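Me: Could you take me through the labels used for this structure, and show me what each one rests on?
Reply: Gladly; here it is, and then we can start with accessibility.

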Amino acid sequence: GEAVIELTGPAPPCKTISHSFLDKEFVRISENRYPGWSRWYARVITEGYVKTDDHAELESIHRG
């Protein structure tokens with residue numbers, strides 16, 4: 001697709017999604033405790049359609 005998104009930070013786990021886990025252990029998606037298992041917040045930079053089989057590229061942008 002043509003969409004461009006920016007990952008802005010990990011989304012902390014919360015009790016709202018605990019029903020999604022058989023064992024109710026939603027803290028296992030905590031980025032602080034288990035890096036790489038978190039959900040992420042994202043910002044849309046360029047709107048566009050993205051399909052399941054679309055190719056995605058990850059770019060690292062350092063600000064500051």
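Reply: A residue is called buried under 20% relative accessible area, exposed over 50%, and partly exposed in between (1.4 Å probe, protein chains only). This is a predicted model, in which local features need pLDDT of at least 70 and side-chain atom pairs count only at pLDDT 80 or more, while totals for chains, interfaces and linings use all residues. Residues are numbered from 1 along each chain as its sequence is written, and side-chain values use heavy atoms, with hydrogens and water left out.

Me: What makes Lys51 and Asp54 a salt bridge?
Reply: The term asks for a side-chain nitrogen of Lys or Arg within 4 Å of a carboxyl oxygen of Asp or Glu. The side chains of Lys51 and Asp54 meet at 3.8 Å, N to O, so the pair qualifies. Asp54 itself is partly exposed, because its relative accessible area is 22%.

Me: How many salt bridges does this rule give?
Reply: The count comes to two. In the other pair, Arg43 meets Glu6 at 2.9 Å, N to O. That pair links distant parts of the chain, with Arg43 in strand β2 and Glu6 in strand β1, 37 residues apart. Strands here are DSSP runs (E, at least two residues), numbered from the N terminus.

Me: And which labels do Arg43 and Glu6 get for accessibility?
Reply: Arg43 is partly exposed because its relative accessible area is 43%, whereas Glu6 counts as buried because its value is 19%.

Me: What makes Ile5, Leu7, Trp40 and Val44 a patch?
Reply: Patch residues have over 30% relative accessible area and no salt bridge; like charges are joined within 9 Å, and nonpolar side chains (Val, Leu, Ile, Met, Phe, Trp, Tyr) within 5 Å. These four form a nonpolar patch on the surface, with about 420 Å² of accessible area together, a value from the Shrake-Rupley method with a 1.4 Å probe, where only the protein chains shown count as cover for residues. Ile5, in strand β1, is exposed because its relative accessibility is 55%. Strands β1 (4–11) and β2 (39–46) each supply at least two residues of the patch.

How values were computed: Helix = DSSP H or I, 4+ residues; strand = E, 2+ residues; numbered from the N terminus.
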